[in-house]
Every structure is written in C-alpha cells, then in structure tokens.
Amino acid sequence: MTDALPLTDLAFNILVALADEDLHGYALVKHLRALDGRSSLRTGTVYAALSRLDDEGLVSESDPPGSEEDARRRYYRITAKGLGTARAEAARLSAILELAQRKDLLGPARG
Amino acid sequence: MLDVCFLAWPARHRRLRGRQLVETALDLIEDHRPEGLLRVARELAGEALGLLVAGFGLRMEEIGRGFHGAGADLSRDTRLAVRVLSRRPGFTLVASLTLALGIGANGVVFSWARDVLLDTPPYERPDELVVVWNRLPGSDERIPVAGPDAAVLADRMTSLGSIAFSVRGVDGSIAPSRGAAVRHARIAEVTSNFFDILGTSAALGRVFDGGDGPDAPGGAPAIPPVVLSDVAWRTAFDADPDIVGREVRLNGLATHVVGVMPADFKLAVSPDAGVVTDVDAWLPLSVPLGSLHRSDERIIDQDSDNTGVVIGRLAPGEDLARVSEELGRIETELWDEAPTYAAARSPFTASPLFDDAVAHARPLLLALMAGVALVLLVACMNIAGLLSVRGVARAHELSVRTALGAERGRLVRQLTVEGLVLVGLGLIGAVALAAGLTSLLRAVVPPTLAAPGGMDLDGATLLLTAAVTGSVAVVAGVLPGVRSGVIARGVLTGTPARSGHGPSRARGALVAAQIALSVALLVAAGLFLRTVTALEATGPGFEPANALTFRISLRLADEYGSPAERARLMRIVEDRLIEIPGVRSAGVVGVLPLGGGRWTQGYGLPGQPEFEWQRNRADFRVATSGYFDAIGTRILEGRGFTKDEDLNEDERVVIVDRILAEHVATDGSAVGRIIGVPVDGAPVQARIVGVVEHIRYDRLERDGRETIYVPYRQEASREVSVVLRTLGDPATLAPAVRRTMLAIDPRIPVYALSPLQLYVDEAVAPRRFALRLLAGFALLALSSVVVGLYGVVALDVGRRRSEIGLRMAVGASRLDVLRSVLSWGVRLTGKGLLAGVGLGAGVAYAIDGLLFGVRGSDPAVWGSVIAVVLLATLTASAIPAVRASALSPTEALRAD
C-alpha cells in the first residue's frame, strides 16, 4: 500500500507507540528506550526518524490533549496513512513470524 | 552545545522540529543528574553526537534528493580538487599536516582519557557499586576499613543490598607444588560473595560461592579453594588449560584452584588507598568478618591484614545520599557502643566505586585534555587562516569563473570537495600519527595514569575531532567562493580583487588568538618543567642514588612463625648480603619510602592519657640497626638501634624523626623522653633513644606524617624491604643478591628488586609525563603560529606590492618598507601576547593544585615564554618583510 515498506525497526516502533495515544518527544524517547532496553538511543535519532515519517505523511504534529499538559510541548499523532502502513508492516512481520513458528524457530524445541 | 550540534540539521528539518528537540534532549539528560556529573557529561556528549549523526544523515538524504545522478559531478570535482591541491604542494602539505597533528593528538589524548575516566571494568551495572572507606579526620586520606566494622556495616546497612569485603592484600608466594620454586604473589582474602557483587564470572572454572566461606555447613573447606588471576595463571602455570582442580601452594600451604579470572578483571580502587589492586590469587575468608581481628589460623595472618575495602551494591531505589546518611548513623552508633571508636573518630565515606578509583588521575587528565583541546583550537584557527589566505589568492580565479557564468552552487560544491579532500588527507595522516602516538603513550604512561582496561585508540573520538576540524576547513574554504559573487562585479568593473580590510582583520585576529593560546600552553609547560625540576631537587630525607632494594615475604606456614625467628633470619640476610663485593651496608625496614604501604597508629605524648592518643598519629616503621646507614638518613641526636636490639628485646626503645621530636620536646632534647605506643592493641611505654632526619615516606612534595621507628625484633612484620647501600651502580648487584637469597632459603620470594632511585623516579613520573605532553602541545601550537603569521604577513605583502613599489619609487628606503611591514606583525604579536598573558594567568590558576615548588606567577617561566613567542613571531614576520624590502620598485609596480 505504500513504498515505505519494510519500515526500519525504529520507524515501526514509533508508529506502534503512537498507535493508541499521542506522545510528546520526551515520553516517546523514554518509551522507545524502555522498549528495547537501549538506554543509548539518542534524541537526535528519534527526531530524525520522526522527521522522515512526517515527510512521508505517516505522522503529524498535534495539539497537546486536554489542558492539563504543558502547552509548550508538541505532540505527535499517527495519521490514517501511518496507521495503514503500520498495519501492513505488522502483517508482513507476522507472516514472517508464522513461517518462523512453523520451522520451530520460536520457543523451546520439542521432542 | 546541543544547539550548535543541531545546526548540523538541514534548515527545513530544523524549522519543522524546532528547539523542542533540544529541550527534550536536555530533559532526558537531566534525568541522569543523580548519577553524578560525569554521567551527565557522558549523556550530553552522546546526545550531541547523536544530533550530529542524525543531522548528517538527513543532510545526505536531502543532497541525494537534490542531486540525482550527481555521482559523475562528484568524481569530476574530486579529480579537479586533487589537481588543484597537487599544484600547490607546500600549501597542501602544511594544511594536511596541521590537520593530521590536531586530529591525531586529540584523538589519542581523548581516547586515553575516555579509557581512564569512563571505561568501567567488566562489572555488572557498575553504576550501582559503592566503595566505603574510613577517612582520617581533617584530611582527605582514605584508610581501609577494619574487618569487624565491615561486619557491622553488612549487618546494619539497608541501603546497600549486599556488602563484600576484600582484605587489602599481602605479598606472599605461590608455587605449583611442594618444593617447587616459589614466585612472588599478591594474595587477597575476600568474602565468598565478592565476585558475585561485582557481577563477574570466571574465565575458567568458577568463582567463589557460599560453600567456600565460613558460613558453609560444616565450616570452611579444609583445603581452601583459590581463584587465580589471568597473569598468575599464565606466568606461574603456563596457562595450563587443566588448572582447575589442581593443587597449588600459597605461602607453602596447599590450596586447590577452582577458577581463573578473565584478563581484564581487577578490583578498581584508588591506588593511594593502601589496597593491593593487582591481586594474583584470591582466597575466601575462612572466618566470619566480625572475628577477623582475632584470627591467626589463616594463610594470611598478621594484625595489619585485617583491614580492607568494602564494596556494596545499592539496593533497588536507593542512592548514594541514602548510603552516606546511613553510614553517618551507624558511625554514631559505633561511637556510642565503643569509646575507643569515639577517640579515633575516623568517619566512613562512600563514593561510587569507579569514580573513586580514578579520582587521583582526574585533575592531571583534565589539564591534559584541556591542553590538547587548545591544540585542536589552534589547528582549526590555523587551517581557517591558511584556507582563507589561499581563498584570497584564488579570489581572482573564482571571480573570473563567476563572471564567465559558473553557477555559485557549482563553485561552492567544488570548494567543499577541495576542503574535504584536504581533511581526508589530514585524517589519513592523523590515523597513522595516532597509531604511533598510542603505542608511544602506552610505553611511557605511568601506571597510575594508565587505563585499567588497557589503552585503545577510539575510532569514534578520532572521527569526531576530524568532523570538527573538517567543518572548519570546509567553511573556511568555501567562504571565499561565496564572496566571489560579490567580487565578480569588481572584476568586471576593473577594480582589483583586493576587497577592503574586513577579512584581513579577521585573519589577523585569528593569528593573535593563536599566539594567545600558544602563550597559555607554553606557560603551562614551563610551570610543569619547574615543578619536575623542583621535585627532583627535593631532599626526601634519604639518599636515593647508589642503593639497591628488594622485598621479601615471610609467610611460610611452618617457619619464621615467631618474631624472634624472623629477627634472626634478618640478621643472617644482612650478614650474607654485606659479604657481596660492592655492598657497603645493609638494613631492613617495614616499608620503603614512596613504596606505597603505611602503618599508622596513634601514640601518647609524655603523660597523655590513652584515650587521647588518637589525636597524634604517626607512621610506624620497623627497622634494623643497619637501616639508617643503608638508606642514607642522618642521625641528628642520640643513637641508632644497636645490633643487640636487632635480636633481643630488653627494653622498649624507639627512634623518632625530627618532626616528631619537635612535637614531643618543645624545649630541649627528645632523647630520653618516654612516649606511649600501642603494641598489639595494648599501650606500652617506650624510651626515645635517637632522633633522625624526617623521610618523606608518603609523597615527595610534602612532609607527611611524623614517623616512629621500632626495632624490627619488636613488631617483626612478615613483609620487609631490604636496603643495600652500594659502591657503584646498584643494578649490577641484582644477580648476586638473588643468588644469595636463594642460598639462604629458596622458599622466600624475592621481589621488587630495583634501585632505590626508581621509587623517586616513579613519584615524579606523572608530572614528568604531563610535562612531555604539554611541551609537545606547546611546540605544536607555536609552530602553527609561525606558519599562520608567516601566511598572513606574506599575504599582506603580496597585496601591498604596488603600494610598496609606489612608496619606494617616491623615495622610501628599504628600512622604511621593512619597518612598515614588520609593524603589522609586531602589532599582531602584541595583541596576541596581551591576550595570552590573561589566558596564561587563568591556566596557571587552574593548574595550581598540580604544581610544586613554583608559583603560577614565576617570572622565569613568564619571561622565557614571552621571549620565545617574540622570537618566533618576529622571525615569522621578518622573512616576508625582508623579501618585501628587497623588491625593486619597477617590479613591484608591474605586479598589478
């Protein structure tokens, strides 16, 4: 559906993170760092990936949800196109995983 | 800093993302603040690098998008750049050499500093590890923690999840089997959880577990298990792959090997804390920590062995502040429970394990890092100056090309490629240079400044410095091209390509700034030179030349068990050694001057009650009658120890040093007075029989503590140093000494056999090392000043050719021309010197703590620095000035 596939790990992780909630940069970096335990993931790297996703129209900036949050902070929201891309990527990965499972690459070996 | 790095991003992305990005990064860095400043700095550097790399990536994409099929252009530009550069070999050589030196030196020094300051040994989550020391009240001196205190800490601390203890280590012997030749080995006893707390595992076999300690069901194992270091495994056992399970002899007793540690494992603690770090063999403590002071059934058994280092791992959610708070509380509890503690009042202090381990090296390293950063700054300025001079020279070519319709973008791209080719050349040189410098550094770096995990050149560091210098080079190279659009109009209207004074003033400022930086570096180097010479000239209280020393360890299980036996052995050792031709006298002492060990206790002034003893602390040293003569220390009053006192103990006598004598006897002589000294924890009265000159045992640059000498017979330590006063070169006697000791008893390991002078040399080594580096940096900076100044003056002359010709034509003498050209160089030098004096004063202030025997305002240093800079700059500007004055007017006028 889009020429963005396959996504880089980081891009996919960002889309997944934004799938159900809008996040600002700080929370997003924290989230991504927690996700794969890489405390060395750099802000610049994340924002560069955001920039690329923005260029391709997969994410957009949004207003902070509600008024309780710091209005200075800019939030990122997944676009409809982004959601579609993430679904397509998830389907692609899931197909690979299914194959891997059939070949006994997942979980402890049986027998 | 982050803002600057953010500039690496393409403008479009910068606008879109805004400062939001930088603020997020700052917030993330802020999260690390509780972990200390070093961690914050590391994060900051990481974020900055991340920004640069990401920005570079985005830029490449933009460029890729903009230049579809630009590959052909690029290769054409590169070919053109190579041709242009090879047409000017002198310029190309100087520019790429400057780049190579700046990048190479920085790459090496920063890699090394990074290795020392940031490379933690392979522990698990090293940030959670905490080391606990006792600290002498009113001083920054660390003292090891006593075993029973460690037991109390292990019992009562909640902020530390678990606590391990390592006895500070002793020198002993290791042998593959009974009767085999022994080797010297450093042995440390550790609690069985020691390796677990650090989170390290063995390379071969296993580390200790609960079954190895005294708490194991059935008590400690009968044959103690031992874990060997990689070095011991390789040297004593030829890296035997089947070592695990074998029996080896430690201090003559049977043990069996359970594991071998990896090569990069060592306990990272500060080298000035009196704890052995290069341990060859670890044994599990066979008794509970709390009973350590009573035990004498161990392989290591000496009263002073019962102190060591406490290492803990932070419990989840706890931090260092909580640990310190808790330590303070336990301290007070201890003082309440035991009045003797209250008298000593040496508080506990906790610090991050690794921070503490490198604290001693930090000031000097920071000074060197600052120094090399200045070199990089000078190199950048120099390259900017060179390229801009060159840009002016090419302004005509560029403006003609612009006028002929070359696109501005095309020119900029070509100039960029030229700059990059130059940086590439510099980088190649830098890599070669850095490789050479690294191996040189490895060879000469003093052990206290060496990185624990070895030293490696860090490619990322090298690339980062190259990127910084490279961007300067590209910008400086491209600017003339950008300006060529403006100049083009000038060419068309016939005005020569000499465009105002602005850029030439900028170039002048660059040179002046380089002069200022060189002054600062030269001042630092000069002050270190004075420090090193002052240290070498210091009277340490003994005579380092013509003396040979070595150490022996008497820890055999079945012999030399009593002080009387050990004293008799010392007599035999001295008597036999003195028979070696070339040996004038021989003596024995517990620990050598500048040898690292110390034994500090409180003592009682005449009439002082015992609970006040801890207020006067002295270094205690055992010595035989021959010691003072052998080490070359004068007896000022009274007498030395007698041969009889070496063997028999009739009366408690001591000899004190000059400083203690002045303390004890404010009027009259100290000889004959009685002071109180602790013997095995009990107070005894001892008579002062002599006063000797003070020896600087601890550090060359300061007097250190008062010293009390007791006859070796009275406290017969199991580790002793032997000192031989020799007639000629002491090193030549080493083989004879080894043979003699082997004949006396082959089971006694002889180690650290070296001239006494070596200890003094090693004490000066870190500063001497810093001096060499700084002198190198200063020289680099000064030579680039000479090149830079020559460049701008020559350019100035070139541009004023017609003016000079005109002046000469209307009657100006050669001297007038010389003066007018020189004056511009002199003015620049003056400005540079003025700024340099300010900068140098700041540098002198900053490194004040590292200096010895010289003040930051030392007139000799400043005088010679200014003289050297003046000489160098005058020479640099005189050459083009003389050339200008030699021009013939007609020739000069024809130039335009």
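Me: Which hand does the crossing of α1(A) and α2(A) have?
Reply: In this predicted model, the crossing of α1(A) and α2(A) is right-handed. Helix α1 covers residues 9–18 of chain A and helix α2 covers residues 25–36, and the two pack at an angle of about 115 degrees with their axes 11 Å apart.

Me: And which residues make the contact there?
Reply: From α1(A) the contact takes Leu10(A), Asn13(A), Ile14(A), Ala17(A) and Leu18(A), while α2(A) brings Leu28(A), His31(A), Leu32(A) and Leu35(A). Sorted by class, the contact of α1(A) with α2(A) has seven nonpolar and two polar residues, and no charged ones.

Me: Moving to chain B, how many helices and strands are there?
Reply: Chain B has 27 helices and 24 strands. It runs to 896 residues, of which 52% count as buried, and its accessible surface comes to about 37,800 Å², with 60% of that belonging to carbon and sulfur atoms.

Me: What share of its contacts joins residues 24 or more positions apart?
Reply: Taking the contacts in chain B with a separation of 6 or more, 80% are between residues 24 or more positions apart.

Me: At what angle do α23(B) and α25(B) pack?
Reply: Helix α23 (residues 757–799) and helix α25 (residues 814–846) of chain B pack at about 145 degrees, with their axes 10 Å apart. The residues that meet are Leu789(B), Val792(B), Val793(B), Asp796(B) and Val797(B) on α23(B), and Val821(B), Trp824(B), Gly825(B), Leu828(B) and Thr829(B) on α25(B). By class, the contact of α23(B) with α25(B) has seven nonpolar residues, two polar and one charged.

Me: What about α22(B), which of its residues are buried?
Reply: Within α22, residues 734–744 of chain B, the buried ones are Ala734(B), Ala736(B), Val737(B), Thr740(B), Met741(B) and Ile744(B). Viewed down the axis of α22(B), these buried residues fall within an arc of 160 degrees, so they line one face of the helix.

Me: Why would residues three or four places apart point the same way?
Reply: An α-helix has 3.6 residues a turn, so residues at that spacing point the same way.

Me: Then what do the buried residues of α22(B) pack against, and which residues are exposed on the other side?
Reply: The buried residues of α22(B) pack against β14 (547–553), α17 (563–578), β23 (719–726) and β24 (750–755) of chain B. On the other side of α22(B), the exposed residues are Arg739(B), Leu742(B) and Ala743(B).

Me: New topic: is Pro225(B) buried or exposed?
Reply: Pro225(B) is buried, with a relative accessible area of 1%, and it lies in strand β8 (residues 225–228) of chain B.

Me: Which residues is Pro225(B) in contact with, beyond its neighbours within four places in sequence?
Reply: With those neighbours left aside, Pro225(B) is in contact with Phe208(B), Asp212(B), His256(B), Val258(B), Trp282(B), Leu283(B) and Pro284(B). Pro225(B) and Leu283(B) are 58 residues apart in sequence, yet their C-alpha atoms are 6.5 Å apart in space.

Me: Last one: what is phi of Ala239(B), and where does that residue lie?
Reply: Phi of Ala239(B) is near 55 degrees, a positive value in a residue other than glycine. Ala239(B) lies in the loop between α9 (230–237) and β9 (247–250) of chain B, and it is partly exposed, with a relative accessible area of 23%.

Me: And Tyr560(B), buried or exposed?
Reply: Tyr560(B) is buried, with a relative accessible area of 9%. Tyr560(B) is found in the loop between β14 and α17 of chain B, and phi of Tyr560(B) is near 55 degrees, again a positive value in a residue other than glycine.

Methods:
Residues are numbered from 1 along each chain as its sequence is written. Chains are lettered from A and ligands numbered from 1 in the order in which they are written. This is a predicted model: local features need pLDDT of at least 70, side-chain atom pairs count only at pLDDT 80 or more; totals for chains, interfaces and linings use all residues. Side-chain values use heavy atoms; hydrogens and water are left out. Helices (H or I, at least four residues) and strands (E, at least two) are DSSP runs, numbered from the N terminus. Buried means under 20% relative accessible area, exposed over 50%, partly exposed in between (1.4 Å probe, protein chains only). Contact means heavy atoms within 4.5 Å. Accessible areas come from the Shrake-Rupley method with a 1.4 Å probe; for residues, only the protein chains shown count as cover. Axes are lines fitted to C-alpha atoms, for helices over the stretch in contact, and angles run from 0 to 180 degrees between N-to-C directions. Ala, Val, Leu, Ile, Met, Phe, Trp, Tyr, Cys and Pro count as nonpolar, Asp, Glu, Lys and Arg as charged, and the others, Gly among them, as polar. The arc is that of the directions from the helix axis to the C-beta atoms. A crossing is left-handed if the near helix is turned anticlockwise from the far one by less than a right angle, and right-handed if clockwise.
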